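Here is my note for your next look at the coordinates.

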Amino acid sequence: MIAPDELPDDIAELKAIIRAQQDQNARLEVLVAAFKKALFGSKSEKIDPGQYELELEDIETAIAQVEAEIDADPRTAPVRPPKPRQTNRGSLPKHLERVEVVIEPELSCACGAERHVIGEDVSERLDIIPAQFRVIVTCRPKYACRSCEGGIAQAPAPAHIIAGGMPTEATLDHVLVSKYADHLPLYRQAQIYSRQGIDLDRSTLAAWVGKSAFELTPVYDALMADLKRSTKLFMDETPAPVLAPGRKSTKTGYFWALARNDRPWNGDDPPGVAFTYAPGRSGQHADTILQGFSGILQVDGYAGYNRLLKRPTQDVTLAYCWAHARRKLHDVTQSSTAPIAQEGLAQIQALYRIEKDLRGLSADERHDARQDRSKPLIDAFELWLTQNRARVSAKSPTGDALKYIAKYWDGLIRFLDDGRIELDSNPVERTIRPIALNRKNALFAGHDAGAQNWAVIASLIETCKLNGIEPHGYLSGVLTAIAAGHKQTDINLLLPWNYANHVRTAHRLR
C-alpha cells in the first residue's frame with residue numbers, strides 16, 4: 001500500500017489504485033470463503049480424499065498467487081513488511097546433507113582496521129537436486145605370480161538380483177517405489193529416463209519388476225505368516241480391474257487386505273498389512289487367505305465373511321464396524337429430513353468421543369472403561385433401535401438403515417467385551433487407499449500374475465509406511481541382502497520392523 005504522502009494527485013490514477021485494491025480484495029474474499037468451505041464445511045463421506053486434497057491445494061495456490069500479485073504491485077504493496085504467515089513450513093531433518101555457504105562482508109572498516117566476528121545469522125533452506133543418474137563401474141583386476149605358474153587371482157563378481165544386467169539394487173528399488181508408492185506406471189518412468197538419454201523399454205522395466213517381486217516373495221510370505229500369528233486382525237477388499245486374456249476388456253478381481261494395528265491398545269506387535277489378489281469376492285478367498293489364523297477379525301458387513309463362521313474349529317470371531325453403521329444413517333440424512341437417523345448419529349458420535357479418550361490405554365483398561373462408560377450408551381441405543389424399528393416401515397430408507405444395524409448388532413457391540421477391538425475397521429480401509437489410487441493411475445492390472453506381484457510389493461511398501469520406515473532404503477537394502485545370499489531360515493530378519501532395528505543397531509556400533 002502506498003504511504004499517504006506518496007499518493008498521486010491525479011484523480012484517475014487514484015481511482016485505478018482503489019479499483020486494483022478492490023479487485024484483489026474481492027478475489028481474496030472469494031478464495032478464502034471457498035477454502036473455509038472446503039476445510040470446515042460438510043463433505044460427502046464418498047468423496048475421494050485425493051479430490052479433496054486437490055481442491056484445497058488449488059485454492060491455496062490461487063490465494064498465494066493473489067498475495068504475490070499484491071506484493072509485486074507498487075501501488076498496493078504493504079508499507080510495512082507483513083507478519084509471517086502462521087503455516088507449517090516443514091522441518092529439515094538432521095540426516096540431510098548440509099552444504100554450508102558463507103557470505104562474507106567487506107572486512108576492512110572505514111577507519112582502516114580489520115573487522116572481527118561478533119556473531120552470525122544462520123538460515124536453512126531446502127534445496128532439491130533432480131534425480132541424478134550415475135554409472136557404477138566395477139573393476140576386478142587379475143593378478144598372477146611372476147615366480148611360479150600358480151593360478152590367476154581375481155575377486156569374484158558381486159552378486160546382483162539381475163545377474164549380468166544393467167540395474168543396481170538401488171535402481172530396482174527406485175522403479176518399485178515409483179510404481180507402487182508414487183503411482184508412476186512403467187511407461188511413464190521410461191519417459192522420465194529418456195529425458196536423461198537413457199533408453200529403456202517398458203518391457204525391460206517390467207522384467208526388472210517381475211524378478212524383484214519373485215525375490216521379495218519369501219519376505220512377503222513371512223509378513224503374511226507373522227500377521228496370521230496375531231489373534232486380532234482387520235480385513236477388507238477392494239476391486240482390481242484386470243485385463244481378461246483374449247478379450248479387449250477387463251474383468252474384476254479383488255485385492256484382499258489383511259492388516260494389524262495394535263497401537264491403540266499398546267500391543268507389542270508392530271503394525272503391518274499384506275495384500276492378496278484373488279479373481280473374485282467369494283468368501284472362499286477370505287477363508288483361504290486366513291488359513292492358520294484364529295482369533296478376532298474386524299470387518300465390514302460383507303456377507304462373504306460369514307463363511308469363516310462355518311469352520312469346524314469355530315476359531316474365528318467377527319467384529320463389525322460402527323463406521324459402516326453410521327454411514328447407513330448418514331446417507332438417509334443426506335436425502336431427506338430424518339430425525340430418527342439424526343438421533344442415531346448423535347448416539348454413535350457419543351461412542352466415538354469415549355473412544356478418543358481411551359486411545360493408548362491397555363486392552364484391560366479399555367475394557368473396564370467401556371463397561372463403565374460405553375455399555376450404558378449401548379443399552380440405551382439397543383432400546384432406541386427396537387422402538388424405532390417398530391415405528392418405521394422396514395422398506396423405508398430409515399427402516400433399512402436400522403435393519404442393517406440390528407442385523408450386525410452382536411458383532412457391533414463385541415468391542416465392549418474385548419479392549420483390543422476397535423470401534424470400526426478404518427485402519428484397514430486406510431491401508432487399502434493407496435491400492436485404489438494406484439489403480440486409478442494405472443487403470444488396470446495387465447494380468448492376474450501381475451496383480452499378485454502388485455500385492456507382494458505393495459504389502460512391503462505399505463507396511464514400511466505404517467512403521468515410519470522409508471521404503472526406498474528398505475527395499476534397496478533387502479534386495480542387496482537377498483542378492484548376497486541371505487538365508488531363508490533368517491527371512492524374518494528382513495521384515496520391515498526387524499530390518500530397521502538391525503540398521504539402527506549397526507549405525508550405533510560404527
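1. A term to start with. Patches are built from residues with over 30% relative accessible area and no salt bridge, and nonpolar side chains are joined within 5 Å. Keep in mind that this is a predicted model.

2. The nonpolar patch. L96, L126 and I128 make up a nonpolar patch on the surface. Together they have about 310 Å² of accessible area. For I128, the location is the loop between α2 and α3. Is I128 buried or exposed? I128 is exposed, because its relative accessibility is 67% and the cut-off for exposed is over 50%.

3. The negative patch. Which residues form the negative surface patch? They are D364, E365, D368 and D372. D364 belongs to helix α9, which covers residues 363–391. D364 has a relative accessible area of 59%, so it counts as exposed.

4. P141, in the loop between α2 and α3. Here α2 covers 49–72 and α3 covers 169–180. P141 is partly exposed, because its relative accessible area is 41%, and that class lies between the 20% and 50% limits. Setting aside neighbours within four places in sequence, P141 contacts A153 and Q154. A155 also deserves a look: P141 and A155 are 14 residues apart in sequence, with 7.7 Å between their C-alpha atoms.

5. S476, in helix α14. This helix spans residues 471–483. Why does S476 count as buried? Its relative accessible area is 17%, and buried means under 20%. What does S476 touch, leaving aside its neighbours within four places in sequence? The contacts are E169, A170 and D173. Check these positions against α3, which runs over 169–180.

6. The whole chain. There are 15 helices and five strands. The chain has 510 residues, and 39% of them count as buried. Now take the contacts between residues at least 6 apart in sequence. Of these, 65% join residues at least 24 apart.

7. To view together. I128 is exposed, whereas P141 is partly exposed. Then turn to S476, which is buried and in contact with E169, A170 and D173.

Notes
Residues are numbered from 1 along each chain as its sequence is written. This is a predicted model: local features need pLDDT of at least 70, side-chain atom pairs count only at pLDDT 80 or more; totals for chains, interfaces and linings use all residues. Side-chain values use heavy atoms; hydrogens and water are left out. Helices (H or I, at least four residues) and strands (E, at least two) are DSSP runs, numbered from the N terminus. Buried means under 20% relative accessible area, exposed over 50%, partly exposed in between (1.4 Å probe, protein chains only). Contact means heavy atoms within 4.5 Å. Patches are made of residues with over 30% relative accessible area and no salt bridge: like charges are joined within 9 Å, nonpolar side chains (Val, Leu, Ile, Met, Phe, Trp, Tyr) within 5 Å. Accessible areas come from the Shrake-Rupley method with a 1.4 Å probe; for residues, only the protein chains shown count as cover. A salt bridge is a side-chain nitrogen of Lys or Arg within 4 Å of a carboxyl oxygen of Asp or Glu. Lys and Arg count as positive and Asp and Glu as negative; His and the chain ends are not counted. The place of a charge is taken as NZ of Lys, CZ of Arg, CG of Asp or CD of Glu.
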